[in-house]
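Opened the notebook to jot down a few look-ups on this one.

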Amino acid sequence: MMRGRIIIRGILILSLFVLAGTALPVFGQDGDGGRQVLQSDRMRALITPDGLVSVTDPLDRYKADIVSRRAPWGRLKIVYRTNGGAWIEMPANRQCAISSEAGAVVLRADDAADPVSVTQRFSLAGNALDYEIEIGSKEGKAIEIGDIAVYLPWSMSRSENPDTIFERSFTKHHYISGNGSFIYFTRPSGEPPYLMVLPGDETGLEYFDGGRGGYKVYMHSAAAGNSVPSGTWRLPHTSAILGGESGRETLKYRFRIAWADSWDAMRQLLYDEGLFDIRVVPGMTLPTDLKAQFSLHTRNMIDSIVPEFPSQTEVRYLGEKVPGHHLYEVNFRKLGENMLTVNYGNGRKTWLEFFATEPLETLVKKRSSFIVNSTQHRDTTKWYNGLFSAYDMKNGILRGPDDTDGYDGWWGYVLACDDPGLCKAPYVAAKNVYFPDQKEIDAVEYYLENFVWNGLQRTDTDDPYPYGIYGVPNWKVARDSVERAKISTTNLDKMKIWRSYDYPHITMLYYHMYQVAKMYPEKVHYLDAAGYLERAWQTARAYFIYPYEILPWYETYKWGCYNELVIENLIADLEKEGRKDEAGWLRSEYEKKVKYFVYDDKYPFRSEYAIDRTAFESSYAFAKYGTLNEMEPDSNLWFDKNDSVWYSHPSVSREAARDFMERQHYAGLAVRGWLETKYFLLGSDFTSSSDNHCLSYMARMGGWAILDYGVRFAEKPYDWLQLGYASYLAPYALMNTGTEESGYGYWFPGKEKDGAMGWAFMESKTGRAWIRKDIDRGAWFYDGEADLGNGAIFRTAQTVLTDDPLFGWIAYGGVLKTVKKRLLVEPRDGVRARFSAVTSGPRFTMELERDGFAEGREISVDNALKRVGFTLENRSGDSHETLLRITADAKVKLKIDGKRIKQAEENNGTKLFILPVSSENHTLTIKLRHRRNAS
């Protein structure tokens with residue numbers, strides 16, 4: 001595959017180009033004496049008296065420049081004081097004297113009024129650019145340096161041109177962690193090269209901020225960090241003394257800037273430059289009933305690893321299974337943030353930041369219970385009776401249309417519709433497929449009967465547009481032209497049911513309620529299974545028709561809309577129920593979208609915003625569908641109203657979809673934390689940076705795509721199992737839960753808030769979130785869209801057994817024991833309904849449609865992945881049938897309680913078995929005869 005060649009090339013280029021270089025560097029002037037160029041095979045740097053104004057890779061066909069056109073790199077924030085007085089900030093925006101000295105470009109700022117001199121040097125080291133900052137004292141006076149920070153404004157495109165958006169702009173990633181810090185930049189297309197900024201020996205980063213002048217990283221931050229009026233920060237804010245009795249006349253800070261051609265190449269650079277290439281399994285948000293392992297791949301001598309809470313943390317050194325990779329095991333008993341201090345070298349430090357939660361199943365159930373008990377309005381005198389609305393966990397208040405906290409006018413959508421208002425009920429419905437609870441099912445049906453039907457959603461008898469869904473700011477205003485006009489005077493001639501994204505949420509809700517009604521018919525009272533299936537089908541149909549017909553700006557076939565992948569399940573169940581015409585119609589519409597993503601757009605990763613990360617659940621789902629299903633060629637499949645073009649596909653192949661799978665996978669990595677190992681960054685999602693908004697719903701929704709790719713398709717699955725599972729776990733850190741001992745919640749204690757949740761994460765010490773609230777570092781205090789990500793729990797959660805080349809046999813989301821040649825795994829993944837075993841050879845997945853693997857019981861697997869045994873748990877306590885799906889390139893024989901069960905059907909490598917369930921538990925044994933790569 002093309003992407004595989006890129007990875008291999010990246011590893012080779014690292015050794016041949018990035019550091020060593022193959023040609024003599026070029027040093028010279030560009031135009032006039034104020035512009036100096038440093039250039040080698042893989043680095044071109046332009047320096048002016050203002051600073052470093054351009055950094056490009058000469059081999060990059062797009063010649064993408066990492067440095068913002070608005071401001072250079074190399075501007076410094078320096079804040080000082082003398083004799084304990086007030087802090088004084090030196091001007092950052094001033095020109096320096098530029099000169100050439102011994103192959104280096106030197107910038108000097110030496111204003112007579114300044115108490116320190118500032119010298120910056122830029123030089124080539126093969127194909128890397130070395131950058132040195134030197135602060136010198138004057139006249140031997142003692143000066144306390146409170147802040148030293150370097151501005152690094154990067155290119156973020158505001159263009160409408162797709163190539164410019166996806167190839168000439170960058171997402172900034174950073175790992176601010178003392179001497180182990182680093183920064184890197186990726187393009188939204190996911191294509192290399194990637195740029196790394198690597199601190200040298202004795203240079204550590206301890207803080208960052210934005211604001212005036214843009215993004216900057218601090219080597220010292222005592223003035224800036226301690227002046228912030230609120231918020232917490234996990235690293236120390238330090239200062240430095242120059243002159244006087246300190247005996248130190250200069251401070252020096254060094255960075256190496258280098259391009260790399262793959263993720264592996266970036267990891268190798270971290271190792272080569274004396275930093276840390278860190279891997280953690282299963283993730284850095286860790287329930288207290290699981291242990292984590294982490295690898296420190298480094299040239300440094302590690303002196304100690306010190307936990308923040310020694311009496312409630314166990315750290316154990318496991319040795320070096322692979323030379324240079326130091327393995328450790330850790331588990332935490334204290335809920336909330338937990339830090340490990342890594343001491344190494346000559347007094348250097350870096351930190352690992354974990355978050356400990358209650359067991360995952362506890363979180364899954366607590367969240368659903370909290371939604372039902374604390375976020376639903378029940379007042380028959382109100383138009384919004386039944387609404388699940390936004391919970392403010394800072395103040396312990398359920399907000400709503402009559403208590404808006406400033407979410408008025410257009411912003412009212414936060415409380416009553418759109419993604420924040422529509423995500424809670426689908427999560428509760430999905431949870432009740434696996435863990436049925438009568439009160440929760442009743443609450444969802446109350447919502448459907450009183451708020452959704454004939455309110456949020458038009459009924460089956462409404463004409464025109466039956467089943468249409470009203471949008472911003474809420475259905476009451478959207479149905480009233482006079483009230484609409486108070487908010488916006490555009491499109492008043494159109495019915496406001498055009499937002500594509502709303503329809504999959506309600507389709508998902510009806511579909512899961514269909515499942516609940518089918519499995520537990522005695523627990524539903526509003527509609528039966530047939531009624532819910534009809535609503536699901538009609539809502540999905542409306543999704544493909546209404547938005548594009550009413551307001552074609554909502555390009556339904558071109559944008560990935562979260563939760564739309566549930567339409568695949570809906571199609572399958574329509575067919576099972578004998579509704580083949582409806583299933584066929586939905587399939588044809590769905591395949592229009594699959595083909596567009598695979599064939600018709602180089603960058604099908606947009607949403608309502610030019611650069612976003614919301615598409616990467618759908619983009620993978622479409623790639624997977626096209627890989628597993630035969631689609632027919634077509635001519636004039638559909639007409640694009642916006643671009644006035646017909647889309648045709650004279651040649652259609654599974655291979656093309658598989659190639660697209662690789663491309664969208666790497667584009668998704670560009671907007672996700674992978675090398676940066678902190679609990680709120682590893683597996684986290686963000687668009688241009690993580691500074692004020694990370695760890696949102698797409699952490700898990702896009703994480704499902706990465707994990708499923710690793711389980712099902714990747715030839716070398718281990719990286720993607722690591723990242724995919726970390727992405728699954730990470731958002732649990734946003735949940736505000738706990739025990740009596742812990743105050744029932746880490747972010748906002750209080751028993752009444754046990755089960756509340758944050759919308760996303762604020763990485764800055766304090767910042768202004770886009771939801772128009774000032775938020776201190778940590779979970780945002782509104783839940784908002786968080787339950788979009790929670791809804792993905794039930795398609796993501798699984799225990800994964802694998803033989804990792806670095807960690808050996810491990811169980812993601814489970815507890816592993818080895819007894820002779822058998823691997824015993826107790827699932828603790830939160831749902832206990834899906835299990836995968838994955839190696840570079842044989843692999844398989846088992847998935848139960850209802851019920852689950854018995855709590856506290858182990859799944860037994862031999863190390864050749866040929867024999868499996870487990871205990872099935874009957875969660876409803878009645879007699880019924882449950883479906884077991886086994887995906888494997890193998891022949892499968894299955895017995896339940898010693899009786900053979902024949903395979904019912906097979907589709908795309910997935911075998912379906914219908915299991916009779918009547919007792920509290922049943923014993924299953926499975927034999928697999930793998931057809932390829934079998935050991």
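My entries follow, on a predicted model.

Entry 1: Two elements, β45 (890–896) and β49 (921–930), each give two or more residues to the patch. β45 gives the most, with three.

**Entry 2: Lys 902.** Lys 902 counts as exposed because its relative accessibility is 71%, and the cut-off for exposed is over 50%.

**Entry 3: Leu 872.** Next I went to strand β43 (residues 867–873), where Leu 872 is found. Is Leu 872 buried or exposed? Leu 872 has 0% relative accessibility, so it counts as buried; the cut-off there is under 20%. Setting aside residues up to four places away in sequence, I listed what Leu 872 touches: Leu 848, Asp 851, Gly 852, Thr 882, Leu 915, Val 917, Glu 920, Asn 921, His 922 and Leu 924. I also checked Trp 704, 168 residues from Leu 872 along the chain; their C-alpha atoms are separated by 25 Å.

**Entry 4: Tyr 384.** Last, I looked at a loop residue: Tyr 384 lies between α5 (360–374) and β27 (391–392). Tyr 384 is buried, with a relative accessible area of 6%. Apart from neighbours within four places in sequence, I found Tyr 384 in contact with His 377, Pro 401, Asp 402 and Phe 451. Tyr 384 and Phe 451 are 67 residues apart in sequence, and 6.0 Å apart C-alpha to C-alpha.

Key:
Residues numbered from 1 in each chain as written. Predicted model: local features only at pLDDT ≥ 70, side-chain atom pairs only at ≥ 80, totals over all residues. Heavy atoms only, no water. Helix = DSSP H or I, 4+ residues; strand = E, 2+ residues; numbered from the N terminus. Buried < 20%, exposed > 50% of the residue type's maximum accessible area, 1.4 Å probe, protein only. Contact = heavy atoms within 4.5 Å.
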